[in-house]
Amino acid sequence: STLKDMAYLPVILVIVYLSSSLADEFNCPSLPPLTKSAQNVYELKPQDIKVVMALGDSVTAAFAAAGRQESIKDFYEFRGQSWSIGGDPDASTIATFLRHYTPDIIGASIGSHFVEICYGIICFPDEYRPTEDVFNAAQSGAMALNLVKHEFTYLYEQLTKNSAVDMKNDWKLMNILIGANDVCLGCSGDVPFTTANDFEKYLHDVLEEIRNKIPRVFVNIVELFNISMVYEKSKETIRCTDIHRILPIECICAFAYGKEGDKTRKELDNLVVQYNERIRKLAFEYSQKKYPEFAVVAQPGCRDGTPDSVPFDFLSQVDCFHPSIVAHQGMAKVIWNNMLTPAAQKKTTFDFHDPFVCPTNSTLLYTY
């Protein structure tokens, strides 16, 4: 990759959903080892997970998460800090929470490196760095159509060649967060974009690939938040306002000005609602099939956040768009808490100040 590649970076969804005061680090007590592993996905516990995997876009790649570096590192992904699968020693992520119970968990991404770009039909070959990316197959710029042909292809190849993975018997967690780049083209009538039907098809296709090729998987699909919130939040400083005026390409639909901007942001938010409906529809359909070793759960923790509920320092100071490390920490906490909470009690309002939900010997990764 070179800097000229950045011209193609349209980028991505800021999960500006997390918190500035994540001082309450993961403090759950250890649990004794399980006497036997789960025999089906409906009795699965956090301690059962041996492998972590992820598909997604620049949020899961943790693009620009470390803030301004005043160097080429402004264009780095900090994958070791990614909300779902980061494995750096100081990281606060779903992967490190699970490592608390399974110290030798496999798959977490580590460290940082120059951005890897895959945007619709513009995907650069051989961009993955397996030593750092491991089972984090996310790519900055990725759209839903990139999940099967690009991301799953890499992930499956890495899974099958890793001798530490017991493909048949290990329980695996898959986190999927996708759709922001699709939504960011949703207001452009003259540009092909991903309809809700397309989005559902692409997600269904990759879920079937996972189900057919990888045994014993619990899949989280994270619902999107309204990306227009990033516009509202970024107006708090002149610097961020100027960045989005000069470089609206990261999400043109979110950062247009005047009445046109009001119109495009409404279109963008309406498409987010449609995408989230399709995520819940797919999760429900899979729940009805009662597969013994495969479950899909919609995680709504970020869906109903508001600009007022999100601290300004959740935005990376590189571009005032992508989530910062504290945002990744907050997101990890919110999704973790919902994973350990039955569907009827899951929260939707990005409650990152809540205490951690700590599993007991009877806590499940809830499929209902």
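Strand β7 (residues 217–222) and strand β8 are joined by six bridges and run parallel, strands here being DSSP E runs of at least two residues and helices DSSP H or I runs of at least four, numbered from the N terminus. Within this pairing, Ile221 has Ala298 of β8 as its bridge partner. The two strands belong to an open sheet of four strands with parallel pairing, ordered β1-β6-β7-β8, where two strands are taken to pair if DSSP finds at least two bridges between them. The edges are formed by β1 (49–56) and β8 (294–299), each of which pairs on one side only, and the twist from one strand to the next averages 20°. Helix α10 packs on this sheet, touching β7 and β8, and its direction makes about 150° with that of β8; contact means heavy atoms within 4.5 Å.

The model is predicted, with local features requiring pLDDT of at least 70 and side-chain atom pairs counted only at pLDDT 80 or more, whereas totals for chains, interfaces and linings use all residues. Residues are numbered from 1 along each chain as its sequence is written, and side-chain values use heavy atoms, with hydrogens and water left out.

The axes of α6 and α10 come within 9 Å and cross at roughly 35°, axes being lines fitted to C-alpha atoms, for helices over the stretch in contact, with angles from 0 to 180 degrees between N-to-C directions. This crossing of α6 and α10 is right-handed, that is, the near helix is turned clockwise from the far one by less than a right angle. Among the residues that make the contact are Phe199, Leu203 and Leu207 of α6 and Tyr275, Ile279 and Leu282 of α10.

Helix α4 (residues 146–161) and helix α6 (residues 196–213) have axes that come within 10 Å and cross at roughly 25°, which makes α4 roughly parallel to α6, a description applied to angles under 35 degrees. The crossing of α4 and α6 is also right-handed.

Notes: Parallel < 35°, antiparallel > 145°, perpendicular 65-115°, else oblique.
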